[in-house]
Amino acid sequence: MKQMRTPPLEVRIKEIQAEVEAIIDARAQAVARDSPGVPIGVIRNLLTARAPACPCSQYLQLGRAE
């Protein structure tokens, strides 16, 4: 049986960051549907402002808000 190789940490981090960004963007789009006239960038900034350090901490903060 062939052993599966784990991608390097840098690759895994970039994949996770891309996934988190997509989740945050989807949440911003959902909020935008209920907030006509508010720019999507403003909504995204409001969603992530509680944890500005990195997308991973922003995702964790969003999960706590639900």
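**Figure 1. Glu10 and Lys14 form a salt bridge in the predicted model**. Their side chains meet at 3.6 Å, N to O. Both residues lie in helix H1, four residues apart, about one turn of the helix. Glu10 and Lys14 are both exposed. The whole structure holds three salt bridges.

**Figure 2. Helices H1 and H2 cross at roughly 120°**. H1 spans residues 9–33, and H2 spans residues 40–48. Their axes come within 9 Å. The angle makes H1 oblique to H2. The crossing is right-handed. H1 contributes Glu21, Ile24, Asp25, Arg27, Ala28, Gln29, Val31 and Ala32 to the contact. H2 contributes Ile40, Ile43, Arg44, Leu47 and Thr48. By class, the contact residues divide into seven nonpolar, two polar and four charged.

**Figure 3. Glu21 and Arg44 pair across the two helices**. Their side chains form a salt bridge of 2.2 Å, N to O. The pair links distant parts of the chain, with Glu21 in helix H1 and Arg44 in helix H2, 23 residues apart. Glu21 has 27% relative accessibility, so it counts as partly exposed.

**Figure 4. Arg44 also forms a salt bridge with Asp25**. The closest N and O atoms are 2.7 Å apart. This pair, too, links distant parts of the chain: Arg44 lies in helix H2 and Asp25 in helix H1, 19 residues apart. Asp25 is at 35% relative accessibility and therefore counts as partly exposed.

**Figure 5. A salt-bridge network links Glu21, Asp25 and Arg44**. Arg44 bridges to Glu21 and to Asp25.

Key
Residues are numbered from 1 along each chain as its sequence is written. This is a predicted model: local features need pLDDT of at least 70, side-chain atom pairs count only at pLDDT 80 or more; totals for chains, interfaces and linings use all residues. Side-chain values use heavy atoms; hydrogens and water are left out. Axes are lines fitted to C-alpha atoms, for helices over the stretch in contact, and angles run from 0 to 180 degrees between N-to-C directions. Angles under 35 degrees count as roughly parallel, over 145 as roughly antiparallel, 65 to 115 as roughly perpendicular and the rest as oblique. A crossing is left-handed if the near helix is turned anticlockwise from the far one by less than a right angle, and right-handed if clockwise. Contact means heavy atoms within 4.5 Å. Ala, Val, Leu, Ile, Met, Phe, Trp, Tyr, Cys and Pro count as nonpolar, Asp, Glu, Lys and Arg as charged, and the others, Gly among them, as polar. A salt bridge is a side-chain nitrogen of Lys or Arg within 4 Å of a carboxyl oxygen of Asp or Glu. Buried means under 20% relative accessible area, exposed over 50%, partly exposed in between (1.4 Å probe, protein chains only).
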